[in-house]
Amino acid sequence: MAMRPLWSLLLWEALLPITVTGAQVLSKVGGSVLLVAARPPGFQVREAIWRSLWPSEELLATFFRGSLETLYHSRFLGRAQLHSNLSLELGPLESGDSGNFSVLMVDTRGQTWTQTLQLKVYDAVPRPVVQVFIAVGGDAQPPKTCQVFLSCWAPNISEITYSWRRETTMDFGMEPQSLFTDGQLLSVSLGPGDRGVAYSCIVSNPVSWDLATVTPWDSCHHEAAPGKASYKDVLLVAVPVSLLLMLVTLFSAWHWGPCSGKKKKDVRADRVGPETENPLVQDLP
């Protein structure tokens, strides 16, 4: 491609009256995006040029005399494809590909049309991690209920939204007062009728979403299964028994220590008495 027509296009963009439109295009890392070159009805394109405006100004693709060209040195080299309708396809996308782009088109009558587009590239949302925390019951807590806090977290994601869904019911929303920290923490009161009820944490951003599901009643341990004991039952038995064994050990060490020493001395005296008696000393008649 000759340099003179390219510089002519840039000069037209700077000097001639043009029509500017704007739009935002969203995509995710690893995917591809199509930047559509929209133009007015009856606008017959003779020449076109695609450029990156921000964060760096780069030439991406051109159309001149029926020839499509994308082999320009830019961060999209090898990842740009100019279609016959002059739409520019970019991919696979990387996290640093967000920015502003423009296409300048000149028709057969010398009129120009410029369109600007803003591309935002997001990371795909990973599967969240949900943890269940059991609240310590108080006097105000109804019997046979379990107060739990469900914590949801997804790492290294910007512009992420958290929401919760109660499964196996038609109610997909949560009460506002039960949500904390922008929806990452959910407070739920469970009863025996909620044994099989599951809760799903849904994380999403403008281009993707994922979820994780838990059944919080499994962590409550209100009632142990036949033949099995809950961790609370184990603690109620193990802790007193351990304390009793410790007391018995301390008492034994205190009681048998002095007595054991005294007995050793007595045994030694009994053994020394007869052996050290002087055979020359006899009882007088």
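Tutor: A disulfide here is a pair of cysteine sulfur atoms within 2.5 Å. This is a predicted model, in which local features need pLDDT of at least 70 and side-chain atom pairs count only at pLDDT 80 or more, while totals for chains, interfaces and linings use all residues. Residues are numbered from 1 along each chain as its sequence is written, and side-chain values use heavy atoms, with hydrogens and water left out.

By that rule there are two disulfides. In one, the sulfur atoms of Cys146 and Cys220 lie 2.1 Å apart. The torsion about this S-S bond is about -90°, so the disulfide is left-handed. The pair links distant parts of the chain, 74 residues apart: Cys146 is in strand 11 (residues 146–153), and Cys220 is in the loop between strand 16 (208–214) and helix 2 (231–275). Helices (H or I, at least four residues) and strands (E, at least two) are DSSP runs, numbered from the N terminus. Cys146 and Cys220 are both buried, where buried means under 20% relative accessible area, exposed over 50% and partly exposed in between (1.4 Å probe, protein chains only).

Cys152 and Cys201 form a disulfide with an S to S distance of 1.9 Å. Its S-S torsion is about -85°, so this disulfide is left-handed. Cys152 lies in strand 11 and Cys201 in strand 15 (residues 199–205), so the bond ties together parts that are 49 residues apart in sequence. Cys152 is buried, at a relative accessible area of 0%; for Cys201, also buried, the value is 0%.

With bonded cysteines counted along the protein chain, the disulfide pattern is 1-4, 2-3.
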